Each structure stands twice: as C-alpha cells, then as structure tokens.
Amino acid sequence: MLCTKQELLEYFEENDVKFVKLTFCDMLGRQRNISVLSSQLEDAFEHGVAIDSSAVTGVGGVDLKLKPVPSLLSDLPWRPHSGKAVSVFCNIFNDDCTPYACDPMSLLEAQVAKLAELGYTASVSTECEFYVFKDDGGNTPIPIDNGDYCSCAPFDKCENLRRDVILSLEDMGLKPISSHHERGCGQNEIDFERADPRSAARNFIMFKAAVKNVCALTGTRASFMPKPISTQPGSGLHFTVSLSGANASKASAAFAEGVMRRYKEITCFANPTVNSYKRIGKSYKIGYASDRSAAVRYFNDKEVQLRTPDSTCNPFTVLTLIFAAGREGIEKGYKLREKGNSGECLFNDFGQAIEFAKNSEWLHEIIPHKLDDVLNTMHEQCKAAQTLLTDEQFFEFYSDI
C-alpha cells in the first residue's frame, strides 16, 4: 500500500503512469473525477485541484478543491498499459485548503475516529448484487441469461464476465473473495473481504466502475438499480460491520441496537431513489434476526449486517450514519432488543423517507452543513421519477446507475 506522497510519485514513474483521475463521490454516491497529468500531482498535493462546486450535490457558488489520498490508489486495468491511467480518491477541501465540512469521506473518517476514542476499531465487508443485460441499444432491460441462484455454465452466461471483473479488481489492488449467479435472470453477486471503513467504501465505488467497464468491453450492460425488472428479485448492497476491542461482543450488541433506533433516519441515504422502494417496500422491518428476514442481522456475537441498503447509495455517507448511530448505542449502553421480525416497517416510498430525514435533529448534527440542500435535491429527483410507471422508463431514467 502506498502511504506517502513520495511513494505515490515513485509508483507513477516506475509504472509509466501518465494520467491520474482525481476521484470523489458526491452526496448521492455518483463517482466524479478530474483527470490531470501525473506531472501535476506534486502541485495537487500542495495546493489542490479546483472543481466546480456544482459537481457536489446540494452545493453551489462555493470554490472547492481536491487533494489526493495516496493509500487510495487504484489501477485501471481496462485502460492502456502504456501511458497508463490510474484513479486516486481525494478528500474535498475549501478554496483556502481547510477541510470541506460536507466531504463524505471526511465525515466517515471523523466517525471512525470517534469510535476509536471509545477503544474500538471497525472493519466492513460488502456483498454487492447487480444485473447484466444485453446491450441492444434500447431501453428495455433484457437479462443476458435465464440462470438462477448458483447456476453453472452454460445456463450461467456471466461466468466469464465475473472472472474478468474479479481479475480486474485484483489488478486494481482490491480483494474480492467470492462470486456467483444470484436468483434473478442475469443477476450476479460479488463479495469482498473485510477492510477498514474508508477503504471498504472506496472499494465499492471502484467495483461498480470495474463491472460497468468490463461489461462495456463485452457488449453487455450492467445495472445496479435496486429493482430494474419488477418481476425479478431486487439487488441489494449488504454491509457487515465487525468491531474489535475490549468487550467487543457487548459493544457490538449496543452498536446494532443504536443502528436500529436510527434506521428510519438513515433510510433515505441508504435507499436514495424512487426505484429503491420498489425493492424494499414492506419486505423489511426494523427488527433484528439471525436469518435474512429482517433489516438487521446480528450474529457470531460481534457482526452487525445491514441488509436494506442498495447500490445507488453513497457508501461513505451511509457508513458515516451507521457508525454515528452505532457509537450512540455504545455510549448510551443500549440493550439489544429481542430477536424476531417485530418492529416498524420501512417507508413505502422515497418521499416519506426524505420528509422523515428533514425533521431529524440527529441527522443535522451528523451532517451539519448543506444537509437541507442535499435533501431538497433528492426531493426534486424523487418528484421527477415518481411520474415513471414502467420498467423501461425507470431503466432509462437510471441509466447511469
């Protein structure tokens, strides 16, 4: 792992890196980047690279800058190897190079640091589901195969594609551990081993990029929509959080309860599209179980799994809120509720989730700046998407997901 500016610059020279994609996420989880020549990186470390603040959801009229984080380098194996291009995730700063208060990655780092003050470190693993469709130039989602759960070739026509994705991920320095065909026609899952929270969030963003680029090269089309086809299973993004430290089992139980008590406030960020609610609907309740039937699983006396988030979210923001809620549970010594499915249902639509978030004092404490602007932006997108009725219309509207 490259940890210093000098190590990063040496890597660029030794590996003929010509272009650097300075990468970041907006508050809605969309990957953004600015490409610079590798010769400009030293200046980027010192002074940052200016971006138009309109690229960050809910922000306007503010001068912002990107500064690279050396440990968050990823090679881009689908790009040319001579004069190669790489991605480096960046923190967002104000024009005077002070930290930007609404930078999702910085918000997550702050929550992880507060958890460390209590004597706990955390790791996060992810399970990511997605669909692969034929790319016929139209907007009708046609699955690439008719396989089902753990199908094998020739029924599973995604085996080679998953192989190419996993090899690309390894070339990028990421660590997938397993893959398989999921229940839906053309649906797949790739799981990652544990990483620190910031790296886990970055890994997911780069994973989506790898899948989409590999599919583009093979004449197919990937979608991370939560429910691209109404008659097929939805696609989720499962986060499993593990705590280490003194009395980790007791702390993990309190962490789980803290998350459940704030779950409704987190929902609009974990499920930030109208299409998200076609997946979760009334399928999940805010309870805890050791099986797959509840929004939260708690098992092995130390692992907390969140099952309702989907891949349209910003993982930095969602993990920020998960860790803030879990830390509250530890600090207040919450007792884990009884196992079972009893509890409130999640929201039936995106508008309800946004309105609930707008009235949350806790959310305004965790994301103190620009939260209302972000929520208003989400509300506008919600109103635009609510007019869509068919799978084809949703597929076109969410074509970049």
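## Basis of the description

Axes are lines fitted to C-alpha atoms, for helices over the stretch in contact, and angles run from 0 to 180 degrees between N-to-C directions. Helices (H or I, at least four residues) and strands (E, at least two) are DSSP runs, numbered from the N terminus.

The model is predicted, so that local features need pLDDT of at least 70 and side-chain atom pairs count only at pLDDT 80 or more, while totals for chains, interfaces and linings use all residues. Residues are numbered from 1 along each chain as its sequence is written, and side-chain values use heavy atoms, with hydrogens and water left out.

An open sheet is formed by 5 strands in the order 2-1-5-4-3, with mixed pairing; two strands pair if DSSP finds at least two bridges between them. Strand 2 (31-37) and strand 3 (49-52) are the edge strands, each pairing on one side only. On average, neighbouring strands are turned by 45 degrees against each other, direction ignored.

Strand 1 (residues 17-25) and strand 5 (residues 84-94) run parallel and are joined by 6 bridges. The bridge partner of K21 in strand 5 is S87.

## The helices

Helix 5 (residues 197-217) lies across strand 1, strand 2, strand 4 (63-75) and strand 5, at about 85 degrees to strand 4.

The axes of helix 3 (residues 104-117) and helix 9 (residues 315-331) come within 8 Å and cross at roughly 20 degrees. These two helices are therefore roughly parallel to each other, a term for angles under 35 degrees. In their contact (heavy atoms within 4.5 Å), residues of helix 3 including L107 and L108 meet residues of helix 9 including F316 and F323.

Key:
Parallel < 35°, antiparallel > 145°, perpendicular 65-115°, else oblique.
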